[in-house]
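I opened this notebook to keep a record of what I looked up in one structure, entry by entry. The sequence and the model come first, and my notes follow.

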Amino acid sequence: MDSTATASLASLWDEVSGTQPDPDLWVVIATLGAALAVVIPHGLWRISRNAITIAHEGGHGIVALLTGRTLTGIRLHSDTSGLTVSRGKPHGIGMILTAAAGYTAPPLLGLGGASLLGSGRITLLLWLATALLLAMLVMIRNAYGALTMLVTGGLFVLVSWLAGPQVQAAFAYAVVWFLLIGGVRPAFELQSKRARGGAGDSDADQLSRLTHVPAGLWFFLFHAVSLCSLIGGGRWLLEL
């Protein structure tokens, strides 16, 4: 590799791993408001929830791989549900962690993103998110899921490569706020659906069968992770 290529790679690494200036407080507050605006109203949530489903199914997939399972495919559906299929033992710690990763993934990704933003690593956050989305695209097994991933991943690519620093910062903060806030709502929705007799094979029910721990305790875990992530991540973003 010649010296010019080496210098270019070093410059690119410095740009990605370096720090960027924090946005003004009004930008942080505005992106918080934007996240609330697409999570709270039911009509907008039906659309924006697709992004939470990506994080949810991506969490299943990442943990499946980390625990030695074979990830065979991911499907995303227009009703904002999803399905991640992996092969391996139908019981044991790997299966338990994989099942538990879904509802905990969006808030934990938000918490990790808030940590990066709190340390000024906006570019690194955007590049990591883009890489994860592109990797997940390879495992998508249905047309709607592929379209959703292409639109989402394309947006991240455009912002990461073409937008200016201020737009990148606002976008990164909006995404992290959305994961933190949007990560709270799905577990409450699922609990409400189960109370009405639906969703009998939810992640909580699967975990209950795998561990012989009541589903209610798994819901407590989902709520604890999402709410603690929101509080902790919000403090980092607001620099409290």
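Is the crossing of α6 and α7 left-handed or right-handed? I found that α6 and α7 cross in a left-handed way, where left-handed means that the near helix is turned anticlockwise from the far one by less than a right angle, and right-handed that it is turned clockwise.

Before going further, I noted that this is a predicted model, in which local features need pLDDT of at least 70 and side-chain atom pairs count only at pLDDT 80 or more, while totals for chains, interfaces and linings use all residues. Residues are numbered from 1 along each chain as its sequence is written, and side-chain values use heavy atoms, with hydrogens and water left out.

Entry on the helix pair. Two packed helices are described by the angle between their axes and the distance between the axes. I looked up both values for helix α6 (residues 143-162) and helix α7 (residues 165-182), whose axes come within 9 Å and cross at roughly 145 degrees. Axes here are lines fitted to C-alpha atoms, for helices over the stretch in contact, and angles run from 0 to 180 degrees between N-to-C directions. Helices are DSSP runs of H or I with at least four residues, strands are runs of E with at least two, and both are numbered from the N terminus. On the α6 side the contact (heavy atoms within 4.5 Å) is made by L155, F156, V159 and S160, and on the α7 side by Q168, F171 and V175. I sorted these residues into five nonpolar, two polar and no charged; Ala, Val, Leu, Ile, Met, Phe, Trp, Tyr, Cys and Pro count as nonpolar, Asp, Glu, Lys and Arg as charged, and the others, Gly among them, as polar.

Entry on salt bridges. Side chains of opposite charge can pair when their charged atoms come close. I counted a salt bridge wherever a side-chain nitrogen of Lys or Arg lies within 4 Å of a carboxyl oxygen of Asp or Glu, and the structure holds four of them. One of these joins R49 and E189, with N and O 3.0 Å apart. This pair links distant parts of the chain, since R49 sits in helix α3 (residues 42-66) and E189 in helix α8 (residues 185-195), 140 residues apart. E189 also forms a salt bridge with R185, at 2.9 Å between the closest N and O atoms, and these two residues both lie in helix α8, four residues apart, about one turn of the helix. Through shared partners, R49, R185 and E189 are joined into one network. I also noted the salt bridge between D201 and R209, at 2.5 Å from N to O.

Which label does R49 receive, buried or exposed? R49 is buried because its relative accessible area is 16%, and buried means under 20%, exposed over 50% and partly exposed in between, with a 1.4 Å probe and protein chains only. E189 counts as partly exposed at 23%, and R185 counts as partly exposed at 23%. T98, in helix α4 (residues 93-118), is buried at 7%, and I listed H60, V63, A64, T67 and R69 as the residues that T98 touches, not counting those up to four places away in sequence.
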